[in-house]
Amino acid sequence: MAFGPRPGALRDGLTLAPGMRVGLFGGSFNPAHDGHAHVAETAMRRLDLDRVIWLVSKQNPLKDAADTAPLAERMASARGAAAMAASGQAMVVSDVESRIRTGWTVDTLRALTARHPGVHFVWLMGSDNLASFHLWRGWTDIMRLMPVAVIARPGSLLNSRTAPAARRFAAFRLPADQARLLPTTPAPAWTYLPAPLNPRSSTAIRAARPQTPAA
């Protein structure tokens, strides 16, 4: 039986093989920075991943489109940040959401798991995202679709540990010292990875930029 996109289907541009351990790291990356690289590199090392795919979203539905840079600019920013990681060659920056025309993370992840059977996907997020994860469309479906790794980010450690998602799926949490087992553990399964904290944030970078005077 042949796997992959059906004839005429939109291609996702990814080259993956069954058995690979692949982290999916989604975000606006508006802009991307070394804090993102730190999260991706931590996941790569602690989960023993073959690849980390940076999924640059078309537009985060929880954020103002007026504050979001064009996709091409954010893609370039993500490529620059991914190159900072020690595992740079294993980092793949992708516009797959635009390629396959999905607007919600849960739909993107469903499409990728259907297109790449046998690949061990893990959803990656910083602890700042876990705190609001319960606001995402289909968040419980994401937890049941693939394992999830949460990487510590500054300013969100307490909120993330008491987040609704953490409480609801508490029974499925894997200890950090068993994180290498996560990619092949059936969902729902998740782990919280403590790590040295990188203070950089996209919000702070945007706020520090000079403002263009109104015409």
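Student: How should I read the setting of S77 in this model: is S77 buried or exposed?

Tutor: The model is a predicted one, and in it S77 is buried, because its relative accessible area is 18% and the cut-off for buried is under 20%. S77 belongs to helix 2, and, leaving aside residues up to four places away in sequence, S77 touches F29, P31 and A32.

Student: Which sheet is there in this structure, and in what order do its strands run?

Tutor: As a general idea, the strands of a sheet pair through backbone hydrogen bonds, in either a parallel or an antiparallel sense. Here the sheet is open and has seven strands, paired in parallel and ordered 3-2-1-4-5-7-6. Its edges are formed by strand 3 (91-94) and strand 6 (173-174), each of which pairs on one side only.

Student: How many bridges join strand 4 and strand 5?

Tutor: Strand 4, residues 120-126, and strand 5, residues 148-151, are joined in the parallel sense over four bridges. To find your place in this pairing, look at L124, which stands opposite A149 in strand 5.

Student: Where does helix 2 pack, and which strands does it touch?

Tutor: Helix 2, residues 71-82, packs on the sheet, where it touches strand 2 and strand 3, and its direction makes about 155° with that of strand 2. Helix 1 (residues 34-47) lies across strand 1, strand 2, strand 3, strand 4, strand 5 and strand 7, and runs at about 145° to strand 2.

Student: How many salt bridges does the structure hold?

Tutor: Side chains of opposite charge can pair when their charged atoms come close. This structure holds three salt bridges. In one of them the side chains of D95 and R99 meet, with 2.9 Å from N to O; D95 is partly exposed at 22% relative accessibility, and R99 is partly exposed too, at 40%.

Student: Which residues are linked in a network of salt bridges?

Tutor: The network links D107, R110 and D141. D107 bridges to R110 with the closest N and O atoms 3.4 Å apart, and D141 bridges to R110 with the closest N and O atoms 3.2 Å apart. The D141 pair links distant parts of the chain, since D141 sits in helix 6 (residues 139-145) and R110 in helix 4, 31 residues apart.

Student: Which residues of helix 4 are buried, and what do they pack against?

Tutor: The buried residues of helix 4 are V106, T108, L109, A111, L112 and R115. They pack against strand 1, strand 2, helix 3 (96-99), strand 4 and helix 6.

Note on methods: Residues numbered from 1 in each chain as written. Predicted model: local features only at pLDDT ≥ 70, side-chain atom pairs only at ≥ 80, totals over all residues. Heavy atoms only, no water. Pairing = 2+ DSSP bridges. Helix = DSSP H or I, 4+ residues; strand = E, 2+ residues; numbered from the N terminus. Contact = heavy atoms within 4.5 Å. Axes fitted to C-alpha atoms, helices over the stretch in contact; angles between N-to-C directions. Salt bridge = Lys/Arg side-chain N within 4 Å of Asp/Glu carboxyl O. Buried < 20%, exposed > 50% of the residue type's maximum accessible area, 1.4 Å probe, protein only.
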